[in-house]
Structures are given as structure tokens and as C-alpha cells.
Amino acid sequence: MVPERDDTSRTLRVGMLGAGTVGAAVIRLLSSHREEIELRSGCSLEVTRVAVRDPDKDRYLPLDPARLGSSPEEVVAAGDVDIVCELMGGEEPARTLILDAFDRGKPVVTANKELLANSGRELFDAADAKAVDLYFEASVGGGIPLIRPLKESLTGERLRRFIGIVNGTTNFILTRMSEDGLSFDDALAQAQQLGYAEADPTADVEGFDAAAKCAILASIAFNARVSAPDVYREGIAAVSAEDISYAERLGYTVKLLAIAELEDDSIAARVHPAMIPSAHPLAAVREAFNAVFLEGPHIGQVMLYGPGAGGDATATAVVGDLVTVARHVLSGSRGVGCTCFLERGMRPMDDMEGQYYLLLNVEDRPGVLSEIAAVFGDNGVSIRSMWQEGAGEEAQLVFITHRAREGAFQKTVRGLEELPPVREVRSILRVEGEE
Ligand SMILES: NC(=O)c1ccc[n+]([C@@H]2O[C@H](COP(=O)([O-])OP(=O)(O)OC[C@H]3O[C@@H](n4cnc5c(N)ncnc54)[C@H](OP(=O)(O)O)[C@@H]3O)[C@@H](O)[C@H]2O)c1
């Protein structure tokens with residue numbers, strides 16, 4: 001039985017909601033680094049309660065098994081829990097539990113990007129109302145310090161844009177397609193075998209996970225609320241080995257990018273596969289690694305790179321948050337709360353400007369090229385380079401455009417789809433990172 005904390009104690013009691021991949025690593029790290037944490041931060045952290053679905057499962061935790069139970073509600077309500085650490089994942093019951101913790105005046109540390117990206121406004125308002133901390137470093141980029149640099153270290157900068165690789169699963173798949181010539185399906189199967197992808201890979205492959213992270217980063221970078229549905233989203237399932245090979249011949253690498261920009265006081269946020277020049281620092285981000293490339297008038301360019309997931313790496317971010325929150329509790333203060341103090345509109349995707357790669361299967365006969373070029377011209381999209389691959393039934397045309405408005409480019413694509421000599425619009429990719 002853990003005693004009630006007296007106000008002079010330098011020990012803070014942590015209630016864990018979840019002890020899976022990240023939660024178990026946090027419990028181990030708090031135990032193995034106990035002395036160092038105490039010496040560095042002047043307070044010690046003790047895990048007093050843990051809620052899991054199955055408390056009887058052997059987890060090999062450095063913890064009295066009597067501290068494990070199956071009721072997260074009891075953990076939040078317990079008198080011997082000062083800080084709630086939510087590592088269950090999913091929107092409910094995590095949302096209700098976090099709101100209950102705030103109601104009880106308890107700060108929360110979480111890694112739950114899905115919840116923050118969809119219900120961030122409600123959670124931050126509730127934390128503000130009770131003047132308690134809500135820390136979430138691990139929600140984006142796993143073990144890479146990203147949230148605090150954006151929220152605190154870069155207060156003196158007005159960021160213009162970020163481009164990030166924020167999903168390790170899709171980056172692993174694209175790396176295997178590019179380096180081993182695998183098809184998307186084979187690369188996905190390999191990612192699943194190695195534990196990089198879930199049995200149901202939809203959230204990663206369709207870009208939902210990256211869109212949630214993009215929303216969180218954009219909210220902080222531009223001091224305005226951006227939710228997951230505000231982020232334009234395309235996944236990587238349509239990227240083919242053929243696209244990757246054309247990209248390489250052109251000097252590009254294909255990545256799933258999360259991009260957000262501030263222009264004329266409105267925010268554009270999008271997640272989609274794109275070609276980036278192979279010399280761009282993000283092109284060197286391989287396997288399941290993540291990186292975020294920040295741009296601003298004072299810093300120029302800064303890239304934060306590292307392991308975007310994994311229990312141990314992610315646990316370091318959670319422990320960092322726990323120590324910070326504990327110090328605030330002990331000093332009766334609070335960290336930087338919600339920074340979304342501005343109302344900014346979202347720019348529609350059609351207003352975006354960019355360059356495009358387009359691959360067409362076409363009839364191989366004289367005059368086809370001028371018919372196709374006319375469709376580009378009619379929509380005001382100019383062609384930067386074009387060449388033909390194959391002949392006869394196999395004829396393909398590859399185009400790279402100059403910068404054009406997304407709306408104009410999509411109109412061009414619709415026009416090409418209706419043009420008789422165009423057998424198929426085989427693929428489209430945006431080209432990023434060149435200006
Ligand atoms: N894994 C990563 O690399 C990573 C990286 C960054 C962020 N995150 C985020 O961290 C969070 C946790 O991820 P994870 O990979 O550690 O998940 P996980 O391995 O699936 O662990 C979830 C834990 O929560 C418990 N749990 C789930 N629902 C519960 C319920 N209703 N009542 C009681 N316990 C419940 C599970 O209990 P049982 O063990 O009994 O099933 C398990 O211990 C998620 O929000 C995730 O997005 C993960």
C-alpha cells in the first residue's frame with residue numbers, strides 16, 4: 001500500500017494507463033534510471049498503479065504485480081496517483097479518462113496522436129480550465145524531441161513551413177521498394193513480418209497516422225488549431241515500382257511527406273507521396289526513421305532526425321515529459337499550455353502550387369503529343385520536361401511540369417483522362433523540395 005503523499009515529499013506517484021510496447025518501456029526506464037532522474041530533476045517518480053486489459057499476463061516488469069489492475073478509471077481516481085500517464089492509445093476511453101484526470105486536478109502525459117489530432121481543442125481547454133499540464137512529446141516522432149523544440153525552443157522564430165517524414169512504416173516500405181526493387185505488396189508484407197506494420201496497415205499506408213501528426217505539428221508551428229480532417233491526405237498504396245524507378249532516373253526519391261505551410265495568414269497542410277531531389281536531406285532518411293525539416297526566416301533550415309517509434313525510444317520522450325510535469329507539480333507551476341491562440345483559415349488543396357510528375361499510357365502514333373500538349377496548355381500548366389518510354393502497345397509518356405496550381409493540374413488530368421489517345425493516366429506524384 002502506497003501512502004498518501006505529504007506536501008514536502010519530493011516523490012510523485014504515476015498512474016499508468018497501459019503497459020504495452022511504450023508503457024512497459026516507460027516502467028522499465030523509470031526503474032533503471034531512478035537515481036539519475038532523481039539527481040537530475042530533484043524529484044523521484046514512482047509507478048503506483050498500472051491499468052492493462054489483462055493484469056494476469058506476464059510482463060516481466062520491475063514492479064510489484066499487485067500494482068497492476070484492469071480498471072483505468074480506478075487509476076485516474078486513486079488518491080496515490082499524482083500524474084496520469086496515458087499509453088493505451090485509441091480515442092475512447094482515453095479521452096474520457098484524460099478529461100477525468102483534469103477534473104481531479106491531475107496533469108497528464110500522453111503519446112496518443114490520434115486523440116490529440118481529433119480532440120486536441122477539448123483536451124487543451126479542459127487542461128487550461130484546471131491549470132494543469134498536458135504533455136505529449138511522444139505523440140509525434142517517437143524518440144525525436146520535436147514538440148518541445150517547436151513549442152518552446154523556437155518561440156523566437158516564425159516558422160514558414162515544415163516538411164516531414166513522420167511515419168516509419170511507410171518510410172520502411174518505400175525504402176524497400178526503392179533499394180530492393182520490391183512491389184508495394186511485397187514491401188508491405190516484409191514490414192508486417194518485421195513488426196513495422198500492423199496486421200491492418202490502413203492507418204499507416206493510407207496516411208491517417210501521418211495526417212494526425214501533421215495536424216499536431218501544424219497547430220504548434222503556426223499557433224492555430226489544425227485537426228486531422230483539415231489535412232489533405234493521400235496514402236502510398238498507389239505508388240508503384242515503376243514510379244520509383246522513373247523517380248530515380250530523374251534524380252528523385254519517393255517519400256510520404258507531411259507538409260504544412262503558412263501563407264497570407266492561412267495554413268495549408270497535406271500528406272501525400274512525393275518525389276524529392278535525392279540530394280535533399282529528407283531523401284537520406286531511410287528505413288523506419290523519421291525526420292522533420294523546419295524552415296523559418298531566422299533559423300533558415302533545421303532538421304530533426306531519429307527513431308520515430310519503438311518502445312524504448314518513445315519511452316525516453318514520455319519519461320522526459322513525466323519529469324518536467326513532476327517538477328511543475330512540486331514547484332506549483334505549469335509548463336507552456338496550449339499555444340493555439342490565433343484563428344487562421346485553412347487553404348484548400350486546389351489553391352496549392354507545386355510541380356507534378358505524370359505518367360501516361362498512350363497510343364503510339366503521330367499527332368498524339370500535340371493533342372496532349374494542348375490539354376496542358378488549355379489549363380495553363382506548362383511542361384518542364386517530357387520523354388517517351390517504350391513503343392507501340394507499350395508506349396508511355398513521362399512528364400514533369402513547371403509549378404502550377406493544384407486545381408489547374410487536376411483539370412488537366414481530367415482532360416487527359418477523356419482524351420482518346422490516352423489509354424490510362426497511370427500515375428501522378430507531386431514534386432517537392434526544389435525551391
Ligand atoms: N509503439 C510505438 O512505437 C509508439 C510510438 C509513438 C507513439 N505511440 C503511441 O503510444 C500509445 C501506446 O502505444 P503502444 O504501442 O504501447 O500500444 P500497445 O502495445 O497496444 O499497448 C496498449 C496498452 O494499453 C492497454 N489497454 C488498452 N486498452 C485498455 C483498456 N480499455 N483498459 C485497460 N488497459 C488497456 C493494453 O493492455 P494489454 O497489454 O493487457 O493488452 C496495453 O498494455 C498509442 O497512443 C500509440 O499511438 C506508440
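Predicted model: local features only at pLDDT ≥ 70, side-chain atom pairs only at ≥ 80, totals over all residues.
Residues are numbered from 1 along each chain as its sequence is written, and side-chain values use heavy atoms, with hydrogens and water left out.

An open sheet of 6 strands runs in the order β3-β2-β1-β4-β5-β6 with parallel pairing, where strands (E, at least two residues) and helices (H or I, at least four) are DSSP runs numbered from the N terminus and two strands pair if DSSP finds at least two bridges between them. Because β3 (68-69) and β6 (134-135) each have a single partner strand, they stand at the edges and one side of each lacks a neighbour in the sheet.

Strand β1 (residues 11-17) pairs with β2 (residues 44-51) over 7 bridges, Met 16 standing opposite Val 50, and with β4 over 4 bridges, where Leu 17 has Glu 86 as its bridge partner. Glu 86 also stands opposite Thr 110 in β5. Strand β4 (residues 83-86) is covered on both faces, with Ile 83 and Cys 85 on one side and Val 84 and Glu 86 on the other all buried, that is, under 20% relative accessible area with a 1.4 Å probe and protein chains only.

Notes. Buried < 20%, exposed > 50% of the residue type's maximum accessible area, 1.4 Å probe, protein only.
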